Amino acid sequence: MSSNADKFLAAAADFPEDALADQRVYEHPLVQRYATKEMSFIWSPAMKFTTWRKLWTALATAEQELGIEITDEQLEEMRTHLFDINFDLAAKKEAEFRHDVMGHVHAFGDVAPKAMPIIHLGATSCYVGDNTDIVQIRESLVLVKRKLVQVLSILKEFAVKYRDLPTLGFTHYQPAQLTTVGKRCCLWMQELMLDYERVCIEIEKLPMRGVKGTTGTQATFLELFDGDHEKVKKLNTRVCELMGFEKSIAVSGQTYTRKIDYNVLSVLSGIAQSAYKMCGDIRLLANLKEVEEPFAKTQIGSSAMAYKRNPMRSERVCSLARYVIGLPNGAANTAANQWFERTLDDSAIRRIILPEGFLATDVILTLLANIADGLHVWPEVVRSHVMAELPFMATEVILMECVKAGGDRQELHEAIRVHSMDAGAVVKGEGKPNDLMERVAKDAIFAAVHDKLDTLVDPKLFVGRAPEQVDEFVTDEIDPILAENKDLLEQQSLDTVNV
C-alpha cells in the first residue's frame with residue numbers, strides 16, 4: 001500500500017505539462033510580495049549590468065587621459081550604449097565561455113564594435129563585480145538613511161504629542177514606576193538614531209575597490225603603463241572619481257575585503273534589532289489594548305474570530321527582522337574563510353545575503369513608517385491601567401506626608417503595609433479593582449492626608465522628568481538630524497510596500 005507521501009509524488013509526476021505554466025517557477029517573496037521598487041531596482045540586473053558598462057567606460061576614459069591609445073570615438077560609442085543591453089546575447093556568450101563577465105564584454109562589444117578591443121583593458125572580473133557591489137551597497141545605504149530619517153520624523157510627532165501622558169513602566173514585564181507614552185517612544189527613537197549614525201559612517205567611509213588587478217598587485221596596469229607607478233596610482237584615483245567615490249580601499253587581494261560586507265550587514269542587523277524592539281513593544285501594548293497599529297476599515301484580523309485586531313504589521317516587521325538579524329553570521333564566516341588573495345566560496349552566499357539584507361531592511365523601514373504614522377493610543381485604557389497600580393506606588397508619598405504632619409513612621413508603615421497586602425489580595429484573589437485608597441481614606445491614622453488623597457495620586461506626579469526628557473531628546477538629538485536631512489524628508493518614495 002502506498003503512503004500518503006507516495007501518492008503525492010505520483011500526483012506531482014502526473015501534473016499536466018501545460019497546466020499553470022506561468023506559475024511554476026519559485027518567486028522570491030521579498031521581491032514579489034514585499035519589496036519597494038526603489039530597493040529592488042538597486043539590486044536588479046538593469047542596475048548591475050549598466051554599472052558594469054559605466055565601470056568599463058570609466059576605466060577606458062581614465063586610461064585615455066593617462067596616455068593609452070583609446071580614441072574619442074571608442075569612448076563615445078561606449079557612452080552611447082550604456083543602457084543598450086542584449087541580455088539574450090550575454091546569456092548565450094556566458095554559456096559559451098562559462099564566464100559571466102566575458103559574456104557581457106561581448107554583449108557590450110556587439111553594440112560598440114569599435115570599442116571592443118579596449119573594453120575591460122587590463123582589468124579582472126572583480127573590477128566590475130566588486131566595484132558594482134560597492135556601488136549597489138552605497139546606493140542602498142543612502143535609501144536606508146532616507147527611510148530612517150522619515151521614520152524618526154514620524155515618531156518625533158508621536159513622542160511630542162504624548163510627551164506627558166502617564167503610562168505604566170514595566171521591568172520584567174511587571175508594573176514598575178510610571179513613565180510617559182512619549183518617553184517610551186523616545187526609547188525606540190534613540191535606537192534608530194544610533195542606527196542612523198552607523199549608516200552615515202558607512203556611507204562616508206565606504207571605499208571603492210578601485211583598479212587593483214588579479215591579485216591586488218596592479219601588475220597588469222603597471223605593464224600597460226610601461227612600469228610607470230605614478231600613472232597606475234592616478235588611474236586608480238581617476239576611476240574612483242569618475243564613479244563618484246573619493247577613495248578606494250588601500251590594499252586588496254583580488255577582491256575587496258569581505259569585512260566590509262560584514263560591517264554593512266551588521267548595520268542592517270542593528271536596524272532590524274531596533275525595529276524588532278519597537279514592534280515587540282507595540283505587540284505587547286496591543287494585547288493590553290493601550291496602543292494599536294493602523295487597522296484598515298475592511299481589514300480582517302482573523303478568519304475565524306471576527307472581533308480580532310491582530311498587530312499584523314508589527315508581526316511582519318519582527319518576522320523579517322529576525323531574518324536580517326542573523327545575516328552577519330554568514331558574512332563573518334565568509335570574511336574569515338577568504339584564503340590568501342581570494343577564494344570563490346564567497347560568491348554564491350554574497351549573491352543572496354547582500355541584496356536580501358537590504359531588501360528586507362527596506363521593507364522593515366517602510367512598515368515602521370506606516371505603523372508609526374497610524375499608531376493609535378487609547379488614553380482611557382492607559383489611565384485605567386495606571387490607576388490600578390498607582391495606589392501601591394503612592395504609598396511612600398502618603399507615608400511621608402503623614403510623617404510631616406507628626407505621625408509615627410513605623411506605625412504608619414505597618415498600617416499601609418497591611419492595607420496594601422489586603423488590597424492586593426482583593427485584586428488577585430477576587431478580581432476586583434484596587435481599593436487601597438478607599439482603605440486609607442477610612443483609616444484615622446492617615447487623617448492628615450484624607451483631604452488631599454486625590455492630588456497625591458495624580459499620575460503626573462509620578463513620571464519624574466519624562467516629559468522634559470522628551471523635549472530635550474527631540475531638541476538636542478532628533479531635530480538636528482531632521483534639519484540636516486530636510487531634503488531627504490521632502491523626497492517621495494516611488495511606491496509603498498504592501499502593508
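Which residues does Gln150 touch, not counting residues up to four places away in sequence? Leu488, Leu489 and Gln491 are the residues in question. The legends below start from the whole chain, in a predicted model, and then move to single sites.

**Figure 1. Overall view of the protein chain, a predicted model.** The secondary structure comes to 21 helices and four strands. Along the principal axes, the C-alpha atoms fill a box of roughly 105 × 70 × 40 Å. The radius of gyration of the chain is 31 Å, whereas a compact globule of 499 residues would have one near 23 Å. Of the 499 residues, 48% are buried. Among contacts with a separation of 6 or more, 77% join residues 24 or more positions apart.

**Figure 2. The largest pocket and its lining.** The volume of this pocket is about 1000 Å³. Its lining consists of 37 residues. Lys48, Asp100, Asp133, Ser347 and Arg351 lie nearest the centre of the largest pocket. Sorted by class, the lining holds 13 charged, 12 polar and 12 nonpolar residues.

**Figure 3. Helices around the largest pocket.** Five elements are labelled here: helix H2 (29-34), helix H4 (45-65), helix H7 (100-111), helix H8 (125-161) and helix H14 (347-373). Each of them supplies at least two residues of the pocket lining.

**Figure 4. Asp130 and its contacts.** Asp130 is buried because its relative accessible area, 3%, falls under the 20% cut-off. Neighbours within four places in sequence aside, its contacts are Arg209, Thr255, Tyr256 and Arg258. Gln254 is also marked. Asp130 and Gln254 are 124 residues apart in sequence, yet 9.3 Å apart in space, C-alpha to C-alpha.

**Figure 5. Gln150 and the residues it touches.** Beyond residues up to four places away in sequence, Gln150 touches Leu488, Leu489 and Gln491.

**Figure 6. The second largest cavity.** The count of cavities of 30 Å³ or more comes to two. Phe158, Val181, Arg184, Trp188, Leu285 and Val291 form its lining. Five of these residues are nonpolar, none is polar and one is charged. Helix H9 (residues 181-205) gives the largest share of the lining, three residues.

**Figure 7. Helix H12 from end to end.** Helix H12 covers residues 259-287, a run of 29 residues. How far apart are its end C-alpha atoms? They are 42 Å apart, which agrees with the 42 Å that the helix should span at 1.5 Å a residue. The expected span is 1.5 Å times one less than the number of residues, so the end-to-end distance is the value to compare. After H12 comes Lys289, with a positive phi near 65°.

**Figure 8. His172 between two strands.** His172 lies in the loop between strand S1 (166-171) and strand S2 (174-180). Its phi is positive, about 60°, although His172 is not a glycine. Most residues other than glycine have a negative phi. Is His172 buried or exposed? His172 counts as exposed because its relative accessibility of 75% is over the 50% cut-off.

**Figure 9. Asp226 between two helices.** The loop between helix H10 (219-224) and helix H11 (229-242) contains Asp226. Asp226 is not a glycine, but has a positive phi of about 55°. With a relative accessible area of 74%, over the 50% limit, Asp226 is exposed.

**Figure 10. Thr217 and Ser252.** Thr217 has its place in the loop between H9 and H10. Thr217 counts as exposed, since its relative accessibility is 53% and the cut-off is over 50%. From C-alpha to C-alpha, Thr217 and Ser252 are 8.1 Å apart in space. In sequence, Thr217 and Ser252 are 35 residues apart.

Key
Residues numbered from 1 in each chain as written. Predicted model: local features only at pLDDT ≥ 70, side-chain atom pairs only at ≥ 80, totals over all residues. Heavy atoms only, no water. 1 Å grid on protein atoms, 1.4 Å probe; cavity = no way out; pocket = protein on both sides within 12 Å on 5 of 7 lines; lining within 4 Å. Points joined across faces, edges and corners; volume = space filled by probe spheres on them. Nonpolar A, V, L, I, M, F, W, Y, C, P; charged D, E, K, R; others polar. Rg over C-alpha atoms; globule rule 2.2 N^0.38 Å. Buried < 20%, exposed > 50% of the residue type's maximum accessible area, 1.4 Å probe, protein only. Contact = heavy atoms within 4.5 Å.
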